[in-house]
Amino acid sequence: MGSHTDVVQKKISSPRSSFSKEEDSSADVSAKELPTPVGTPQKTGLWNKLRVEEENDTHRGMQSRHLMMIAIGGTIGTGIFLSAGSAIALAGPGSTLLSYFVVGIFVYTVVITLGEMSSMYPVSGAFSVFGARFVSPALGFTLGWNYWLQCELTAAAVILQFWTPALQTWHWAIIIVVPIFALNLIHVKVYGESEYWFAMIKVLMIIFFIIVGLIFDWGGIKGHPGPGLSNFQNGQAFIGGFASFAQTFVYAFYSFGGIELVSIAAGESSKPYKSVPRAIKATFFRIVLFYILAILTIGLCINHADETLLTAAFDGDVAASPLTVVFIRAGFGPAAHVVNAVLLTAVLSATNSCFYASSRMLLSLARAGKAPRIFGWVNRRGVPVPALLMALAFSCLTFLTTIWGEGIVFGWLLNITGISALLVWTSIGVISLRFRQAYKSQGLSLSDLPYKQPLYPLLPIGVIVLGTCMFIAQGYASVRQEPFDARNVVATYIGVAVYIVLYTGYSLYERYYMKITQHFVPESQINFTTHAVWGPGEGDVIRARDRKEFEDRVSSQPSSAARVRTWVKRHVY
């Protein structure tokens, strides 16, 4: 017993990174990352298993395949299944395709810049921690609470969009909220595994939809002449001018929402220095395949004047989903039932991701002293129970909003979450610039980074410029929208007001209550040691070891097919 305690104490007191050259197995990772708290009695019993211990931490239980699938389809939800059609009805297929392309480039650059930091410093708080560490505590506080609220409102929007008066409130709680809460309450492995299969179902559905839709459009189905390019001709591709084009951004933001989830999940990944770069590559395929091609297919097959496009987003009628409409017109009668099942899976998946992301962000805020201490408690299975209970309580409040009408509430939530996401993403560009400047000023080598963003500083500057332009375009669209409604302007900018209040409020608290006069963290004082996957100079050694293991594994595999699978796993995802 004494020798075991000595070993544990050595692991805790080790100044080195939590990931060392000895990380050849998940057992080593578990032992080095999550040592048993010194002095904790090893008791049995139900209360001991469920009790919350502040000294506990989350577990690194997610594998590379979990992170990869989360990046590809983890947060694909009702945004693509229902809302995308409304964007086409509003501005035409050409404008919507261009809008999703611009936002797709924007979010991919965000993922690249964020991935550079997350692969080196895999923490559940992700950009909230990075903002506080590399820029200012006020920015970290603002991003953390802003993102927590964004996750909760996104879950509310997803549930409301799938709402049907045929079911009572408590029915929805039983079908969606309670099961998702129970899944997250078990272990992070359960979240990773459930999200893996949820995402797989959605990915297969969208791939099948694109194939069927393109065949239908080209006239390849007997008895169903396809529209060809008619929906893009005679001025139908771009309608409503720039104002309508700008309005489609909010639908794109809603659809792309959660794309930064990989960075949060990296905090519970077994080998983030490998899995995060792979997930970044997978994100590119997600953007091209599941958004660009899906929007193109919908635009080719359904005319912008088709009334089903406009109604799907606001009444949640699965029969009006663009996917269902295309399948039925292509001769697949039972498609509504299949899409209904997949859509329910998408709702469960999106809610699952929102519960996970919001609980981890609240946990990180509490551990940093920026939220009530109780939310920093974690049980022995690595589950932040109080933070999950908060997410559950907030989700249950969603149903009270139906007294104003689901369509009205959904429109507000769409605007608030879209602007909140845009503010978070743009802030990540600022954090990335400060991170690189401070990293270089302290004489650290970029070769130590597990993943190095290309074209620096163009990408973070591009994030800031594009984000600012889209923000201005959103404001312009809300003012020019016909008929003019002041509520649309309020809905667009209320997210900005929340951001400003959070930032200003914490800055004043820091200045007058904590008596801290230095607002920004000096570059020379930025901490590049804590949470690092390896120390200075160790990166090349570990990568050389991994490369040798990879070459040995390839040479030991007899079949050429096995070698191809290994190569794809390394270079594609």
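**Close-up views of a helical chain**

Buried residues make up 56% of the 573 residues in this chain, which is shown here as a predicted model.

**View 1. The whole chain, before zooming in.** Count up the secondary structure and you get 22 helices and two strands. The accessible surface comes to about 23,800 Å², and carbon and sulfur atoms own 66% of that surface. Take the contacts with a separation of 6 or more: 82% of them are between residues 24 or more positions apart.

**View 2. Helix 6 beside helix 13.** Here residues 93-120 (helix 6) pack against residues 272-301 (helix 13) at an angle of about 175°, and the two axes are 10 Å apart. Angles over 145 degrees count as roughly antiparallel, so that is the label for helix 6 and helix 13. The residues of this contact split into 19 nonpolar, seven polar and no charged.

**View 3. Helix 6 again, now with helix 11.** Helix 11 covers residues 241-256, and its axis is 9 Å from that of helix 6, at an angle of about 50°. The pair is therefore oblique, and the crossing is right-handed. On the helix 6 side, look for Ser95, Thr96, Leu98, Ser99, Tyr100, Val103, Gly104 and Val107. Helix 11 brings Phe245, Thr248, Phe249, Tyr251, Ala252, Phe253, Ser255 and Phe256 to the contact. Sorted by class, the contact has ten nonpolar residues, six polar ones and no charged ones.

**View 4. Helix 10 meeting helix 15.** Helix 10 (residues 188-217) and helix 15 (residues 322-329) pack with their axes 10 Å apart, at an angle of about 45°. That angle makes the two helices oblique to each other, and helix 10 passes helix 15 in a left-handed crossing. Helix 10 puts Met205, Phe208, Phe209, Val212, Gly213 and Phe216 into the contact, while helix 15 supplies Pro322, Leu323, Val326, Phe327 and Arg329. The tally for this contact is nine nonpolar, one polar and one charged.

View 5. Helix 7 takes in residues 127-134, and eight of its eight residues are buried, so the rest of the structure largely encloses it. Going along the helix, the buried residues are Phe127, Ser128, Val129, Phe130, Gly131, Ala132, Arg133 and Phe134. The loop between helix 6 and helix 7 holds alanine 126. Its phi is near 45°, a positive value in a residue other than glycine. Alanine 126 is buried too, with a relative accessible area of 0%.

**View 6. Histidine 531 in its loop.** Here's another residue that isn't a glycine but has a positive phi: histidine 531, at about 70°. You'll find histidine 531 in the loop between helix 20 (486-513) and helix 21 (538-556). With 41% relative accessibility, the residue counts as partly exposed.

**View 7. A cis peptide bond at proline 457.** The bond joining tyrosine 456 and proline 457 is cis, with omega at about 5°. Proline 457 sits in the loop between helix 18 (406-441) and helix 19 (458-480).

Methods: Residues numbered from 1 in each chain as written. Predicted model: local features only at pLDDT ≥ 70, side-chain atom pairs only at ≥ 80, totals over all residues. Heavy atoms only, no water. Axes fitted to C-alpha atoms, helices over the stretch in contact; angles between N-to-C directions. Helix = DSSP H or I, 4+ residues; strand = E, 2+ residues; numbered from the N terminus. Parallel < 35°, antiparallel > 145°, perpendicular 65-115°, else oblique. Nonpolar A, V, L, I, M, F, W, Y, C, P; charged D, E, K, R; others polar. Left-handed = near helix turned anticlockwise from the far one by under 90°. Contact = heavy atoms within 4.5 Å. Buried < 20%, exposed > 50% of the residue type's maximum accessible area, 1.4 Å probe, protein only. Areas by Shrake-Rupley, 256 points an atom, 1.4 Å probe, with all protein chains shown as cover.
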